[in-house]
Amino acid sequence: MKNIKRNGMISISLLFPLLVSSLRYGLGTDYSYTYIPQFNSIARGDRGYYEIGFYLLNKIVSFFTNDGQWIIVICSILFVGIVYRQIYRESKVYALSILLLYLTFAYFVSLNNVRQSLASALLLLAMECLCEGRKLAFIVWVLLSASMHQVSLIFLLLFFADRIMLSAVTYLIVSIVAFGVMQIIGGRIVQLFARYIPRLQLYFQAQELSAYTGNTIGRYYILMQFLILILFVYIEKKNNKVFQSITGKDQIEWNITLMSQCALLCVCALDGIVPAAYRVVRIFSFAQFILIPNAIRKYVNNKKERMLLYMASIILFGVLFIFYVLNGAEQVFPYRSIFRKY
């Protein structure tokens with residue numbers, strides 16, 4: 001009966017975001033300017049500019065229908081289905097993970113940036129494989145994710161999460177140093193890499209992409225991410241004996257938690273230097289709605305302290321959510337459904 005109730009509640013909570021996502025119309029900046037025109041172009045036989053995986057997904061859908069709305073529906077099913085599956089399988093606190101899925105704005109980003117959101121969902125499967133020690137499967141899932149959006153390749157940095165076992169304090173120091181170094185030589189490094197990465201060079205050259213250079217991550221977001229890493233330092237210091245003895249999947253997941261948070265902050269150090277750095281950040285921040293609740297639930301034994309940390313994470317991301325909404329992030333508010341088409 002417990003499993004039936006749990007599965008029932010998860011199914012009900014999954015149904016609402018799936019319907020909202022599938023039935024949207026003209027929502028976000030990319031719906032009318034990217035996904036529908038590109039679908040129509042691919043349906044006519046053009047190659048388009050998508051990565052191979054997302055191109056093939058469009059091609060397959062176009063065999064059955066000429067209505068571009070169906071690519072939105074299929075991607076919604078895949079995104080919501082994978083995300084809720086991983087919450088069900090990997091999260092130790094279902095309710096908080098589902099709440100943070102929305103407060104971190106990850107779900108609302110998926111209403112606009114379809115490709116990267118689907119790629120990020122696939123990275124959750126890669127992360128699960130890595131935690132279980134299935135490295136080949138991890139690589140396969142990362143490559144599949146990259147076939148949807150090539151920025152996912154940077155997730156391969158976590159390949160050695162089972163080998164690199166640094167403390168949370170060390171990662172905090174690395175993050176702080178990265179900010180200092182990037183402020184001094186970050187611009188030169190980016191210009192050097194831009195010579196060999198056509199996609200990065202395009203951001204500096206194409207006028208229609210110039211807007212991305214002005215889109216910054218935001219000081220509050222960066223401060224919040226430092227506070228999250230400091231939270232991990234606090235958890236590790238207070239439970240030092242526990243962390244000296246953890247092994248297996250828990251050890252790898254904790255290493256992934258720290259490594260991805262440090263990588264996230266290192267990308268934040270490039271804010272204002274690398275165009276669209278906020279999109280690269282999402283590769284490492286996406287899984288936070290699972291990793292943060294797990295870190296608190298597994299390693300904070302005092303129930304009152306645990307509840308305080310739950311509330312602190314809700315408040316931190318709640319403020320961020322309000323900021324995003326007020327600033328019209330992703331242009332997904334106000335919501336518009338497909339019924340407005342008729």
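Helices here are DSSP runs of H or I with at least four residues, and strands are runs of E with at least two, numbered from the N terminus. Keep in mind that this is a predicted model, where local features need pLDDT of at least 70, side-chain atom pairs count only at pLDDT 80 or more, and totals for chains, interfaces and linings use all residues. Residues are numbered from 1 along each chain as its sequence is written, and side-chain values use heavy atoms, with hydrogens and water left out.

Let's start at helix α2, which covers residues 31-43. Buried means under 20% relative accessible area, exposed means over 50%, and partly exposed is in between, using a 1.4 Å probe and protein chains only. In α2, the buried residues are Y31, T34, Y35, I36, Q38, F39, S41 and I42. What lies over them? Among the covering elements are α3 (52-64), α4 (69-90) and α7 (114-131), where contact means heavy atoms within 4.5 Å. Just past the end of α2, G45 takes a positive phi of about 110 degrees.

Now follow α4 to its partner α5. Two packed helices are described by the angle between their axes and the distance between the axes. For α4 and α5 the angle is about 150 degrees and the axes are 9 Å apart; axes are lines fitted to C-alpha atoms, for helices over the stretch in contact, and angles run from 0 to 180 degrees between N-to-C directions. Angles under 35 degrees count as roughly parallel, over 145 as roughly antiparallel, 65 to 115 as roughly perpendicular and the rest as oblique, so α4 and α5 are roughly antiparallel to each other. On the α4 side, V83, Y84, I87 and Y88 meet Y94, S97, I98, L101 and Y102 of α5.

Next come the aromatic rings. Rings of Phe, Tyr and Trp (its six-membered ring) pair if their centres lie within 6.5 Å; planes under 30 degrees apart count as stacked, over 60 as edge-to-face and the rest as tilted. That rule gives 27 aromatic pairs. Take F105 and F321: their ring centres are 5.7 Å apart and their planes stand at 55 degrees, so the pair is tilted. This pair links distant parts of the chain, with F105 in the loop between α5 (94-103) and α6 (106-110) and F321 in helix α17 (residues 303-326), 216 residues apart. F105 counts as buried, at 2% relative accessibility. Another tilted pair is F179 with F226, whose centres are 5.4 Å apart and whose planes are at 50 degrees. Here F179 sits in helix α9 (residues 168-194) and F226 in helix α12 (residues 219-238), 47 residues apart. Both F179 and F226 are buried.

F105 and F321 also belong to one aromatic cluster, together with Y102, Y107, F108, F323, Y324 and F333. Most residues other than glycine have a negative phi, and most peptide bonds are trans. Yet F333 and P334 are joined by a cis peptide bond, with omega about -5 degrees, and P334 lies in the segment after α17. Also in that segment is E330, whose phi is positive, near 65 degrees.
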